[in-house]
Amino acid sequence: MADYELIYGAKCKLPEVPSPEKILNWNKPREEQLWVREDLPDFFDKVEYTKAGDLILTEEQEEYATQELIRCKKGVWIYINGNPYYIPKKYYFYLQWWTLEDGTRPEYRDCDRRYFTFLEHWENIPWVHGVIRSKKRREGASSQATSNLVYEAIFFKNSNCGLVSKSNEDGRSTFTEMVAFGYRQLPAFLKPKQVNREDSVTELVFAQKASSVKEGSAAGQKDDEGNKSKINYRAPVLNAYDRGRMSRLLLDEFGKLPSEIDASQLFSIISKTLVKGVKRVGFVEMPSTVNKMSKGGAAFKMLWENADLTQRVPTINRLVRYFSPAYDGYEGFIDKYGFSVMDSPTEEQKNYLVEKWVVKDEDGNTISEISEEDIQLGAKAYINKRREGRKGDDLEEEIRMNPTTEIEAFMSANADCIFNTVKINEQIERVRENPVYRRKVLFYRDLEQKVRWRDARQSEEGFCWEFIRDLNLKEEANSHYYDSGMKKPNRTDVGVIGVDGYSNSQGGKRYGSKASAWVFIKYDLRDPENTGLFTGHLYGRPQEKEELHEQVLLCAEYLGFQAYYEFVADDYYTYFKNRGKLGYLAKFPLNVISPEKKKTGSYERHYGFPVTDFSMTKQNDAMISYIEHYSEKIYWMELLEDLKEFDPKKRTAFDRTVSAMIALVGGLEPIYKPPPPKAPLINMYVKGVNVAKN
């Protein structure tokens with residue numbers, strides 16, 4: 001019965017473990033059981049060809065070639081440090097026969113073995129069109145994928161393989177320095193006859209199978225396998241590969257495509273070459289680190305999100321995603337067996353790593369990149385150590401190079417964000433792991449004209465409030481008082497509502513801009529855990545703007561809060577005034593009026609929230625400080641994602657962030673509540689007793 005290995009959420013089936021004597025390293029002591037690449041035997045120093053250029057193998061050469069072809073087609077089992085491991089066929093080809101662009105050979109890494117096992121698993125699932133791989137720098141993913149391109153062209157007939165990189169120059173470099181160079185270093189029995197020039201920098205075209213090994217002797221190899229195959233590259237343009245059939249594609253560094261080339265759109269076009277009708281005929285690998293959102297990151301992130309197996313199967317774009325944390329396979333922290341030293345190393349691991357990596361001068365000072373003390377930390381702690389003391393872009397660049405989570409892998413998209421994206425990403429991960437329940441509600445007025453709430457129907461969920469806090473206020477609901485005849489909310493010291501509306505009153509969703517409102521509970525030292533946070537959110541585009549004003553007003557009445565509207569289109573003023581509810585609108589906060597205007601008195605406090613330069617700077621500063629100290633209080637994934645992408649120079653697209661900042665700054669405004677009257681308003685006499693009533 002076959003075993004399974006759980007890799008990045010996938011239950012990967014493994015071939016049945018053979019008898020011990022058929023497993024590599026079976027007769028070696030445990031300490032010598034590690035992967036060692038075998039050199040090509042001396043009897044291959046000389047090979048012969050026919051006049052037509054076909055390879056002729058001797059009996060000895062043929063026997064060796066047959067064995068290697070079988071291993072490349074089926075994979076092998078090997079004992080490593082006392083345990084048997086399956087080496088998938090493509091990983092065996094890569095380890096045993098591939099040559100890296102610098103002329104060195106790949107080293108065995110258990111993290112790479114797991115990726116190739118994961119890859120082989122999904123290659124056998126018909127609906128999967130490929131693997132999108134978010135990675136750390138220098139992970140070797142591009143080298144592995146180029147090896148897989150050549151593998152495809154060698155072992156399968158009529159293979160049409162190609163690659164696209166983030167620029168035409170990168171594509172050309174990847175083709176010449178990885179694909180073509182790696183192919184030229186292969187042994188003769190693995191190299192099909194090339195019909196175009198061997199030094200071609202644009203395309204490799206093969207016309208003959210890999211060797212003259214007799215038909216059927218190489219793992220059931222069919223006649224003409226490897227025939228009529230080719231590998232080329234294209235510039236990153238929308239029509240790069242837009243017709244015909246592609247057998248294997250490498251879409252390299254699509255997280256760094258120029259902003260004018262949308263990775264999601266480009267893949268959508270390319271993916272049509274991977275299918276014929278409903279049958280998959282090709283497969284794609286898409287390894288990449290992530291650039292800024294404005295420089296390719298946003299589109300790549302969309303591809304990543306649409307490849308989420310936890311959301312739906314098959315995934316939206318028929319890709320599956322793969323991520324390995326930076327500390328797994330981190331250079332300098334891999335023991336002699338190829339296993340990652342993530343935590344403090346054993347004595348054996350430490351001695352090996354120190355001898356391999358630590359270099360000291362004549363005075364005993366460490367002059368290498370890492371020290372003995374660094375190695376003692378293990379990869380996880382060392383990566384965190386590298387981040388200490390870094391700030392801003394420098395910190396995000398370091399995290400981008402070595403992400404330990406999927407969230408961090410996309411942090412590079414936010415290097416120009418004004419907020420601390422490290423803290424935002426940390427909170428995103430916490431919310432993702434422990435999501436908070438949100439109740440969808442609408443407010444309404446009952447027959448007694450008191451405001452109440454009810455659960456939103458499914459048809460109403462496009463525009464309704466969502467709350468993460470209990471709304472059963474009991475006697476505190478609808479709390480108000482009258483000031484000079486104006487009805488006002490009585491709980492303004494508890495919370496506030498911030499609103500970012502939109503200009504036009506009609507048109508519904510057609511105009512794009514959305515309304516957003518936040519309920520913010522002011523910070524209370526007596527209850528720090530449950531205050532100073534956003535508890536309610538209204539977002540969407542109602543058919544009529546009055547629906548927005550109605551829900552804001554009803555919410556304000558029920559909670560006893562005032563609402564700050566961004567002072568752009570002030571039709572909200574008319575709506576509230578006509579209903580005798582101006583007291584539920586807040587006026588310009590004093591803390592967003594510049595000191596110069598306060599000094600001269602040259603300002604007016606309208607109902608709403610000003611959009612002056614000083615006001616917007618105040619909003620930015622308040623949110624920067626809030627995220628720095630209270631980011632763990634934001635339980636809304638939508639707001640966290642919006643904050644990461646927020647551009648203070650182009651605020652219109654960030655309704656959630658703008659309304660949240662309005663609510664936050666409004667929550668900092670000192671509140672004046674009139675003291676209770678000294679003399680009772682009403683005197684009541686009950687059985688001769690004077691009872692004062694206010």
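**A sheet edge and a cavity beside it**

Strands β21 and β24 pair in the parallel sense over four bridges, where strands are DSSP runs of E of at least two residues, numbered from the N terminus, and pairing requires that DSSP finds at least two bridges between them. The model is predicted, so that local features need pLDDT of at least 70 and side-chain atom pairs count only at pLDDT 80 or more, while totals for chains, interfaces and linings use all residues. Residues are numbered from 1 along each chain as its sequence is written, and side-chain values use heavy atoms, with hydrogens and water left out.

**The sheet**
- Seven strands form an open sheet with mixed pairing, in the order β17-β16-β18-β23-β22-β21-β24.
- Because β17 (451-455) and β24 stand at the edges with a single partner strand each, one side of each is left without a neighbour in the sheet.
- Within the pairing, I497 stands opposite A563 in β24.

**The cavity**
- The count comes to two cavities of 30 Å³ or more, a cavity being a set of points on a 1 Å grid over the protein atoms alone where a 1.4 Å probe fits but cannot get out.
- The second largest cavity has a volume of about 30 Å³, volume being the space filled by probe spheres set on the points, which are joined across faces, edges and corners.
- Its lining, meaning residues with an atom within 4 Å of a point, consists of T492, G495, V496, K522, Q562, Y564, G666 and I671.
- The elements that give two or more residues to this lining are β21 (495-500) and β24 (562-565).

Terms used. 1 Å grid on protein atoms, 1.4 Å probe; cavity = no way out; pocket = protein on both sides within 12 Å on 5 of 7 lines; lining within 4 Å.
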